[in-house]
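Try each task before reading its solution.

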Amino acid sequence: MNDNNFTNLPTDLICDKPYLYAINLVKSFRHFPRFLTGNYQVHDNCEVPYLHMVRLFENNFSVVPSKAFRTIHNARDEVILSYSNISLIHKDALIQLTNVLYLSMDHNRIRHIPRTVFRKQQHMRQLYLQNNLISKFDTQCLPSPSHLRLINLRNNKIRSVIGQFHQKSPLMETIHLQNN
């Protein structure tokens, strides 16, 4: 569903679809969709066991709220929140995304990464935060233990990195810090 101006969608759109593989909501929302947070018409037993991809790019969210993915907590492979004008990520916005392998929040306006935001993403292998406005990066925000192999922080405003990447992520292969 692309190029819309939704304010919300019913949770039945995803909760009654056990074989749903991907959610693509590109250029569709001005605010983070409430039907994903579970704060609106929630199904207590909403399960989407085969959901692999959540693509919410080119929206205009500004804020990723607390427990933003409550309805689709078992998303596996990738979650993309790129090009969405995000400037604020709540400290527990991603707490339900425990199985995600690839997380992209690039090309936004993020200035600060809360220390606890990625704490539950222990399976995450790639994290993309390039082209934001991040000025300080604290490795405490990374999950521990972690399977993280790549982190892209290029084209930010980073002046200091607190902590050591390899202590938090011993499998780390690539750290992009160019143009900071």
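This is a predicted model: local features need pLDDT of at least 70, side-chain atom pairs count only at pLDDT 80 or more; totals for chains, interfaces and linings use all residues.

**Exercise 1. Work out the strand order of the open sheet and find its edge strands.**

Solution. Start by lining up the strands: seven of them form an open sheet, in the order β1-β2-β4-β6-β7-β9-β11. The pairing is parallel. Next, look for strands that pair on one side only; these are β1 (22-24) and β11 (174-176), the edge strands. Going from one strand to the next, the twist averages 5°. Finally, zoom in on one pair: β7 (residues 126-128) and β9 run parallel and are joined by three bridges. Here Gln-126 stands opposite Leu-150 in β9.

**Exercise 2. Which parts of the chain does the salt bridge between Glu-58 and Lys-27 tie together?**

Solution. First get the distance: the two side chains meet at 3.5 Å, N to O. Then place the partners. Glu-58 sits in the loop between β2 (53-55) and β3 (63-64), while Lys-27 sits in the loop between β1 and α2 (34-37), so the bridge ties together parts that are 31 residues apart in sequence. Last, check accessibility: Glu-58 has 34% and is partly exposed, and Lys-27, with 39%, is partly exposed too.

**Exercise 3. What does Thr-139 touch, and why does Thr-139 count as buried?**

Solution. Locate Thr-139 in the loop between β8 (136-138) and β9 (150-152). Its relative accessibility is 2%, so Thr-139 counts as buried. Leaving aside neighbours within four places in sequence, the contacts of Thr-139 include Val-161, Ile-162, Gly-163 and Phe-165. Gln-164 is also in contact with Thr-139, and the Thr-139 side chain reaches the backbone nitrogen of Gln-164 at 3.5 Å.

**Exercise 4. In the largest nonpolar core, which residues touch the most other members?**

Solution. The core has 45 residues, and the answer is Phe-69, Ile-113, Phe-118 and Phe-137. Take Phe-69 and skip residues up to four places away in sequence: among its contacts are Phe-32, Leu-36, Val-54, Val-79 and Leu-97.

How values were computed: Residues are numbered from 1 along each chain as its sequence is written. Side-chain values use heavy atoms; hydrogens and water are left out. A nonpolar core is a set of buried Ala, Val, Leu, Ile, Met, Phe, Trp, Tyr and Cys residues joined through side-chain atoms within 4.5 Å. Buried means under 20% relative accessible area, exposed over 50%, partly exposed in between (1.4 Å probe, protein chains only). Contact means heavy atoms within 4.5 Å. Helices (H or I, at least four residues) and strands (E, at least two) are DSSP runs, numbered from the N terminus. A polar contact is a pair of N or O atoms within 3.5 Å; within protein, one must be able to donate a hydrogen and the other to accept it, and residues adjacent in sequence count only if both atoms are side-chain atoms. Two strands pair if DSSP finds at least two bridges between them. Axes are lines fitted to C-alpha atoms, for helices over the stretch in contact, and angles run from 0 to 180 degrees between N-to-C directions. A salt bridge is a side-chain nitrogen of Lys or Arg within 4 Å of a carboxyl oxygen of Asp or Glu.
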